[in-house]
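Subject: Structure for your review

Dear colleague,

Please find below the structure that I am handing over to you.

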Amino acid sequence: MFKINIIKSLTLVMALILGGTMITPTGLEAKNKFIFANSSPYDTMDPHALYDVGRVAYRINLYDGLLRWLDNPPKLSPWLADSYDISEDGTSYTFHLNKGATFHDGSPVEASDVVYSIERILALKKGAYSLFTKSVEPGSTKAIDAHTVQFNLVEASSIFLATVPAIHILNSSLVQSHEVDGDLGAKWLSQNDAGSGSFELDRYDPAIGFSAKRFENHFMGWGDKYLDEIEFRTVIEINSRVLGLMNGDFHGTDGYLPQDQVKRLEASDNVNVQVEESMRIFYVILNHNREIMQDINFRKALSYAFDYDSFINDILGGSVARNPAPMPNNIWGNPTEEKGYTYDMDKAREYLAKVKKPIPEFVLGALAGYGQTGQAAALFQNSLTKLGLKTRIVEEPWSVVSKKMRDEQQMYDSLFIWKSTYYADPNNWIGELYSCDQIGARNNSWYCNPEVDALLNAARVEPDQAKRAVNYKKAAKLVMDDAGGIFVYNTVWFGPYNKDVKGVRFSPIGNAQEMRWVYFD
Amino acid sequence: MFETVKFLIKKLVQDRTAAIGVFLILSLILIAIFAPILATHPADITEFHPPERLQGPSSEHYFGTDRMGSDIYSRLLYGARITIAIALIAISVSVIIGVPIGLLAGYYRNWVSDALMRVSDIFLAVPQIILAIAIAQTLGPSIQNVILALSATYWPFWTRLVYAETRSALNEPYVEASIALGASPSRVMILHVLPNISSSIIVRTTIGMGGTILTAAALGFLGLGPPPPSPEWGRTIAESREFLPEAWWYAAAPGIAIFLVVMGFNLLGDGLRDILDPRTRRSKGG
Amino acid sequence: MRILYLIFNRLVWFFPTVFGLLLLVFTISHIIPADPVAFLAGDNATNEQIADLRAQYGFDKPLYIQFINYVLGTFQGDLGISLYTQRPISDDLLGRLPATLELTFVSVLISAILGVPLGVIAAVYRNSVADHILRLITVSGLAIASFWLAILFQLFFAMELQWTPLQGRIDGWGPDHITGFFLLDSLLVGDWESFGSAFSHLVLPVATLAFPAMATIMRFTRAGVLDAINSNYVLYEQAMGFPERIIIWKYILRNALIGTVTQIGLIFGLLLAGTVVVEAVFDWPGLGLYAVQSIMNSDYNAIMGFTLITGTMFILINLLVDVLQGVMDPRSEL
C-alpha cells in the first residue's frame, strides 16, 4: 500500500517541477523603454571613476561634457559649450557654456561646476585623469564668469581639445553636499546621479544594471520621437544576449560579437544588424626589451609569419578589415598607401636565417575571456612552430595583463590586444603606443625610436592638422618598416538592434550607446 | 600480498559495477598511452586548419572540429593524458602530505595534534573550489599550477580520515598490546596502524580521483587550467560555449569523457569499499 | 555534559580557526601577481596615478601592517572597500547573499524532497529494476561535471525548447526587497509576474545543483534504511505481525532519517561551494559569481571578505552538524 503512495506523491512532485519549467519568462515592459544587454557589470555610477569603453553608457547618457564626439568618422561637436576660443600660443582654452543648460535637479550648469569637475578628476586620479596629467595643473582652471570657463595648459597641446569630452560635468553643490571625509562625494556618487545628461538615473543595482528616465528639460531639447526610459542590464554570457535579442527581451547589445553570433542575429526576423567600420585595432605588442626582439630580422620574420588572411577570413569570417598600420585605416594621418606585411613563410624563413643569436622559447600573451586573442595566439604559434621556434601561450585575465604590461621584467614577449578609441586623434594610437615618454605606461613594447619620437612630439604641439597628418604618416611608416609591432585588423562594428529601433547614431567613442536620438518605430 | 591482489581482482570481476569501473579506468589509461596511435589527426594538438572550423561529426572527424578547425576526437584523446597526469600527481601529493600528518595527529594526544587538525580544518573550512581557484589564479594558469592548487586543497581530506581511523585503530587490542610492550611510536604507526587503515585510504583515494578530475576540469573551464592550445577537457567545454547551440558536438564530447572517467573511479571506489571496508559495506546493502 | 563539552571545545577553537582562515586567505590573495590598482586605474593610467592609488588603499605598507589593519577592521565589521566596485565589501556581500541562499535553500529542499523518498524506494525494492535505475542516477549525479550539466540544461531547455530563461535571476528589477528572496518577496506582495519570473529563472540552476545533492541524499537514505531494515528490532516487529506500512514509517524511516538530517546539513555546505561554478554559468548574481569575478579582478578585499563569510558559514554548519549528531546519536565517536 505505502509503496503506491510514495510513487504517487513522487509523481506529483515531479509533475510540479516539470510543470514549473513550462512557465515562460514574461518580458512585459513599458512600451517605450529600451533595454540594452551589456557585457560588463556597472560597478559604479561615478563618471570620474572609470574611463573604459565597456561601461561608457552611464557616463554619456547621464552626464554631459563641454564637447562631444559624434558620428563616424567622429566629429568633435559643441555640447554644453556653445563655442570656444584658443589663445595665440595655444595654451589657453576658453569655453562659453550654453546658458539654458540645467542639471537634473533644476540648478543651472555653470562655470564653477566645470572647474569642480576637472579638479575632482585631477584629485581622484582615476578614470580619464591620465589624459590631463601633462596638460592641466590643479588650480589652473578658472571660472571667468557664470558661463565662461578657462583652461590654462602647461604647454600647447593639439590633442587637448580631443580629450575635453572626457570631462563629465558634475553638479558641484549637489556633490559637495554629499562629501564625507573629503572623499569628493565618491561614495555617494558611486550610486547616485549628479548630471545634466539626456537621461536621469532612476534605479541602480550593481548586480543588475541601471535604468534611467528621459530628462525632459535637457538643454538640447527633444525631437518628436524619443525613448521615455532606458535600461542597461548586465548580461555577461554572449548566448544570453543574443537569444534575448532574438526573442525580443532586449533591444540592443554591444556590437563586438563573434562573427558566428552575428550570423545568427542576422538570420532572425526580430533583429536588424547595423554595420560600421569602427576604430579599434587588433595588434601584437612585441616586447623590444627582449634581446632577441631587438634584432629587426627576427621582428620581420614574425611579421611575415602571422596568417592574416586565415585569421580574418576563416576564424573571423571576414568580419573585420585588414589594418596594416599602427592606427586605424579610417583616421586621418593614416598611411593609406602602405600595404604592410603579408603571410609569407618563405620570407619569414629568409629573415630568420639572418638572425645570428640563438632564439629562446618565447611567450605569446593572450587575454583570458577574449577567445579571439587565444585563437590568434594559437594560429601564430602554429606557424612559428613550423619555423622551428618554440613558443608558449599564456592566457591571463585583464587584471593580470594590465599589471604585467607596465613592468619591464614581467611583460610578455608578445601580447595580442586591442586598442580602442578614447579620443579620435592619431595620438590615441601611434602617439601613445610608440612614444618614448610613454614607455611602461601606454607604450608597452618598450619601443623607442628617436626619429619616430621626434615626429610624434612635434605632431602633439602642432596646431595644423595637415602638417600633423604628414608627421603621423611618416612615423607610421617608420614603425611598420621597423616591424615595431604586428598590426592585424581594424574592427567592424556589428550593432544588433531590435528591428523597431531607429535613430541609432554610431561613433567609435561611445559605441552608439548614446540613446538620445533613439526611438521605437 | 600476491594472494590479496588475486582476491581483490576476483572480487572486482564478480562485482559487475566495479568491473565497469575498472573497464572505464583501464580504457582511459590505454587511451592516454596510445593516443598517438588512436588519434586520426595527431598533429591537430598544435596544428590548425581554420577553413575547416566548426564542422559537425563525420567519418573524417568523428566528433567534429573545433574553433581552430582541429579534430576534436584526436584532441580528446590527448586530453586524457592531461587529465590522468593532473589527477594522479595531485592525489599522490595530497596523500603524501595528508597521511603522515593524520597519523601523527591521531597518534599523539596533545596540543600539537589539536593544532594540526585545526590547520586542516581551516583548509576544509574554505570551499575547495574557491581555494583552488585562488591558488591557481595566484600562480598563473598551467598544468603544474593546477596540480599544486589541487594538492594544496585536497590534503586535509586524508588528514581528517587518517586521524579518525588512527584514533580508532589505537583502541584495537593488538595495537594497545604492542604499545604496552614498548614498541616505538614510529614502529606502531607504520607496522600496526597504517596497514590497519590502508583500505580506508585506498577507498578514499579512488573516490578522490573522481572528485579531483571534476575540480581540475572546473578550473580548466574557468580559464585557470593549462593555456591554449591545450586539449584539456574543461577548457574545451569553455571554448565551445561561444558556438552553442549550433556546434553542440564541441561541448558534448569532452563532457561525456569527463563523465565516464569520473564514473569509472566512483564505481571502482564503491566496489573497493565493499570488498575492503566491511564496516561501510551497508552502502551497498542487501 | 558531553554535549556541553563538545560545544565548548568547538567554540574555543572557533576564533583561532577563523583567524587562521584570515591568515590563509590574506597570504594567498596578497601574492597574486596581478595589480588590482593598475586595473582600477584603467588602461590609460600613468604610473604616478597608480602609485598614488596604491598609497590611498594602503598597499604601499608592509604586508604585516596591511594584515593587522585588516584584522582590526574585521572586528569592527569593516571588511574594507572593494577595489573594483568601490563599495564596502560588507554591502556587496550582503546584497548578494540572498541570491545565493535562495538558490541553495531551494536546491537543498528539492534534493531532499526527491532524494529521501527515492532512497527509501531503492532500499525497499533493493535489487529490483527500480533500484538499479536509481543507482544509475546516483552514480551519474556524482560523476557529472556541474558546469557541463548546466550547459546541457541551457542548450536543451533554454535554447532548443525555450521553456526557461538562459540565465539571470529575474526579468527586470524583481519584487521590492523585503527579505531579498525573490520567491518569498513576490509572494508577500502578491506580485505573481515576478514570482513566475523568479521561479522560471530558478529551475535550471536548481536542477544543476540539486542533481548531485539528490544523488548523495538518495544514496545515504538508502544505506540508512537498509541498515534499519536489517537490524533486529524490525525483524522482531515483522514477526509480531505489524503491517509493513507502519514498520516502514514508524521505525525504519525515523531511524534512518536521523543520519539523513545531518547529511543534509553537510550538503548545504557543499552546495554553497557548488554555487561558485553554477552561478558563473548562469550569471546568477550571488556570492559565487562575485567570488569568481573578484578573483579574476584580483580584488583582494573582496576575495578575503567572501572567503571569510563562506568559511565562517562552513565552520558554523559543521559545528551545528557535529552537535546535532552528538545529540541524536550518543554512540558517535567525537
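Two residues are taken to be in contact if their C-beta atoms, placed from the backbone, lie within 7 Å. Please note that the model is a predicted one.

The interface of chains B and C

By that criterion, the contact of the two chains draws 45 residues from chain C and 40 residues from chain B. On the side of chain C that touches chain B, two or more residues each are given by helices H1 (2-30), H6 (129-143), H7, H9, H11 (244-282), H12 (287-296) and H13 (300-328) of chain C. H1(C) supplies the largest share of that side, 8 residues. Sorted by class, the residues on the side of chain C that touches chain B are 32 nonpolar, 7 polar and 6 charged.

The two chains in outline

Chain C contains 13 helices and 0 strands. Of its 334 residues, 52% are buried. If one takes the contacts in chain C between residues at least 6 apart in sequence, 70% of them join residues at least 24 apart.

Chain B has 11 helices and 0 strands. Its C-alpha trace spans about 75 × 45 × 30 Å along the principal axes. Buried residues account for 57% of the 286 residues of chain B. Among the contacts in chain B between residues at least 6 apart in sequence, 70% link residues at least 24 apart.

A helix crossing in chain B

How do helices H6 and H9 of chain B cross? The axes of H6(B), residues 128-139, and H9(B), residues 185-221, come within 11 Å and cross at roughly 50 degrees. H6(B) is therefore oblique to H9(B). The crossing of the two helices is right-handed. H6(B) makes the contact through B:Gln128, B:Ile129, B:Ala132, B:Ile133 and B:Ala136, while H9(B) contributes B:Thr215, B:Ala218 and B:Leu219. In terms of class, 6 nonpolar residues, 2 polar residues and no charged residues take part in the contact of H6(B) with H9(B).

Helix H10 of chain B, residues 233-240, is mostly covered, with 8 of its 8 residues buried. Among them are B:Trp233, B:Arg235 and B:Glu239. What do the buried residues of H10(B) pack against? Their partners are helix H13 (371-386) of chain A, helices H4 (72-107), H9 and H11 (248-276) of chain B, and helix H7 (146-160) of chain C.

In chain A, helix H9 (residues 259-267) has A:Asp260, A:Gln261, A:Val262, A:Arg264 and A:Leu265 buried. The buried residues of H9(A) pack against helix H8 (238-246) and strands S12 (271-286) and S17 (485-498) of chain A.

With kind regards

Note on methods
Residues numbered from 1 in each chain as written. Chains lettered and ligands numbered in written order. Predicted model: local features only at pLDDT ≥ 70, side-chain atom pairs only at ≥ 80, totals over all residues. Helix = DSSP H or I, 4+ residues; strand = E, 2+ residues; numbered from the N terminus. Buried ≥ 20, exposed ≤ 12 C-beta atoms within 10 Å, placed from the backbone. Axes fitted to C-alpha atoms, helices over the stretch in contact; angles between N-to-C directions. Parallel < 35°, antiparallel > 145°, perpendicular 65-115°, else oblique. Left-handed = near helix turned anticlockwise from the far one by under 90°. Nonpolar A, V, L, I, M, F, W, Y, C, P; charged D, E, K, R; others polar.
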